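Here's a quick briefing for anyone opening this structure for the first time. Take a look, then read on.

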Amino acid sequence: MRVARYSRIGEPVDVIEIFEEDTPAPGPGEVSIRMEAAPIHLADLYCMRGKEHFDLPLPAVPGFEGVGRISAIGDGVTEWSMGDRVFPHLACGAWRDEITVLAEGLLPAPEGDAAQLSLLPINPPTSYLILEDFGDLKEGDWVIQNAANSNCGRYLIELAKLRGIKTVNVVRRPELIDELTELGGDVVLVDGDDLAERVKAATQGAVIKLGVDAVNGMATERIASCLQDGSEVLAYGMLTGEPCMISPDTSFLRDIKLIGFYTIRQFAKRKPEEVRKVYDHLARLFEEGKLSAKIAGTYSLDNVKDAVAHAGRRGAEREGKVILTMA
Amino acid sequence: MKALQQSAYGPPLEVVALIDVDAPTPGPTEIVVEVEAAAMHLADLKFINGDPGFRWFEMPRTPGHEGLGRVVALGDQAKGFEIGDRAFLPVGAGTFCQKVAAKADDCTPAPEGDEIQLVLMSLNAMTAFILVNDISAPAKDEWIIQNGANSSCGRFVIAIAKKRGAKTVNIVRRPELIEELKAAGADAVIVDAGDPDATAALVKEATGGADIRCGFDCVASTGTVTIARCLRESGTVINYGFMTGKSSEMAFQDLFLKSITLQGMNMSSDRTAMERKAVLQDLANMTVAGELEAKIAGTYTLEQAQEAFAHQARTGANRQGKIIILPNG
């Protein structure tokens with residue numbers, strides 16, 4: 001089987017290599033999974049580049065998530081059968097044909113397009129938990145987010161729509177306005193210094209109860225400037241790598257909170273059965289065609305260098321998520 | 001009587017004048033207080049200069065947020081005070097003048113004692129009290145961290161936390177403050193190393209690697225980053241000031257990898273007006289008992305107001321504490 005691995009830090013296209021090796025037979029309590037698809041996230045690229053806080057022990061196999069089917073079963077494993085579709089554990093190193101892991105903690109995956117499904121474990125729960133756990137959001141309430149065309153941003157539009165929550169979506173490129181409106185965004189605006197005034201005009205002065213920021217820098221303050229006093233900005237991404245800026249007016253006089261949002265920590269506040277329920281819910285939405293990602297391209301594992309090069313481009317040069325397929 | 005009058009936003013020399021006006025007479029539910037001491041704050045200068053976010057007022061106005069003095073006149077229906085009693089004026093009363101009328105219900109009885117110290121209770125000491133007891137509420141021996149530790153509020157935080165049995169680690173910019181703040185009750189004093197990680201390492205060493213849940217930031221800019229860096233997972237930075245005049249910064253690594261929250265201090269807190277009066281009296285009693293003591297940089301009369309504003313505008317070692325106005329000499 002093939003496995004993608006890097007043994008030194010550098011530009012992903014230079015350091016990622018394909019190796020041929022045997023799949024270890026599953027021991028007691030383990031299963032092997034034949035991978036079908038795994039996405040390339042920015043975090044995978046950060047790891048290969050050795051960005052601060054993303055440095056894994058080397059050598060390392062990238063791939064935080066993916067989807068596959070059970071291909072071998074070790075002793076004592078009763079809950080899975082051959083051919084069952086599963087999501088492997090997060091950060092398992094999914095860029096390979098086959099992986100042998102503990103059966104405990106695997107989540108069942110529905111049928112459907114493998115490339116789309118491979119994105120289900122990470123981004124959809126992020127968007128889902130943001131809307132579920134913050135802002136006390138009810139039908140008709142408004143939220144505002146930037147990076148609205150990101151994968152999380154698009155899921156957030158879809159998930160908000162399903163709950164009757166209205167979204168203001170901030171983007172950097174005007175050509176995204178129609179696209180995100182079609183996806184279900186109630187208001188789509190291009191970022192800028194006068195954002196608060198334009199949001200007010202576009203929403204007829206609606207009270208906006210929650211801000212979601214993945215851009216950072218002054219973009220955090222611009223999101224905060226659109227919110228009702230006393231509300232929260234969640235920072236869940238770091239597209240610019242700048243610190244989040246919050247003015248004294250905003251925190252001190254307007255009582256806006258800035259909260260770091262990390263999906264895994266948010267899940268840690270739930271019991272395992274509640275986490276499972278979230279995943280079941282999202283899997284069902286996927287099956288019903290209510291959750292979809294924008295796929296920029298799919299690449300065979302053999303072409304992993306092309307794939308990481310594509311994933312490293314930004315905005316209009318990338319146009320969505322890059323997926324590795326192992327079929 | 002004499003009063004300072006601000007006629008527009010601008011430099012104090014241009015927009016603030018000493019004028020003669022009629023002394024106020026009390027409305028039915030009001031008292032008139034002859035001001036013994038009025039505190040000056042950085043915010044007073046900002047409200048005079050009309051800095052961004054500090055243009056709240058109609059002109060002309062009398063500056064001065066905080067003051068206390070003796071009751072010299074009573075309205076027919078004013079309750080709770082007699083002539084000669086000492087009273088704290090409500091915050092924002094316009095205290096840089098000789099006499100102020102205010103609703104009796106909004107005033108708080110003040111104890112006998114040093115008016116120059118007592119006049120700082122309504123804002124700086126109240127802020128410190130709310131930060132320590134209402135917002136962070138540390139357990140006995142629990143550590144809290146703050147920057148701007150040599151500010152009036154920072155010093156009150158040290159004293160109030162100590163009384164509660166909590167420990168403070170204090171970040172300052174000047175090494176000569178270490179001994180001074182330790183003498184004031186600080187458990188640890190760290191000179192900012194200029195880099196959040198380096199400062200956090202010093203804090204870790206000074207506290208024996210304590211888990212710090214809450215930090216107070218009155219510096220903003222990278223000062224906020226440093227406080228966040230010193231906190232444990234899911235900790236909270238409470239911003240209550242902005243000495244740098246810049247925005248608070250939060251590094252993504254602290255937000256994301258540690259789930260740190262940045263929140264402003266909501267001065268209104270959850271306390272009723274009655275409870276706040278009780279807190280104010282407690283703080284005043286602590287001052288009388290010598291448990292709270294502010295560093296006073298200088299006292300000035302109304303005639304010396306321009307010198308007082310110039311002194312207030314200096315920072316750090318060039319100011320050395322609070323400026324107090326003594327309107328009746």
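Chain B splits into domain 1 (2–120 + 294–325) and domain 2 (127–264), with bounds that come from an automatic or database domain assignment. Keep in mind that this is a predicted model, where local features need pLDDT of at least 70 and side-chain atom pairs count only at pLDDT 80 or more, while totals for chains, interfaces and linings use all residues. Residues are numbered from 1 along each chain as its sequence is written, chains are lettered from A in the order in which they are written, and side-chain values use heavy atoms, with hydrogens and water left out.

**Where the domains of chain B meet**

- The centres of domain 1 and domain 2 of chain B, taken over C-alpha atoms, sit 30 Å apart.
- Nine residues from domain 1 of chain B and seven residues from domain 2 of chain B make the contact (heavy atoms within 4.5 Å).
- Together, these two domains of chain B bury about 640 Å², 60% of it on carbon and sulfur atoms; buried area is the accessible area (1.4 Å probe) that two parts lose on being put together, summed over both.

**A:His41**

- You'll find A:His41 in the loop between β3 (30–40) and α2 (42–49) of chain A; helices (H or I, at least four residues) and strands (E, at least two) are DSSP runs, numbered from the N terminus.
- A:His41 has a relative accessible area of 8%, so it counts as buried (under 20%, 1.4 Å probe, protein chains only).
- Leaving aside neighbours within four places in sequence, A:His41 is in contact with A:Glu65, A:Leu119, A:Ile122, A:Asn123 and A:Lys321.

Conventions. Buried < 20%, exposed > 50% of the residue type's maximum accessible area, 1.4 Å probe, protein only.
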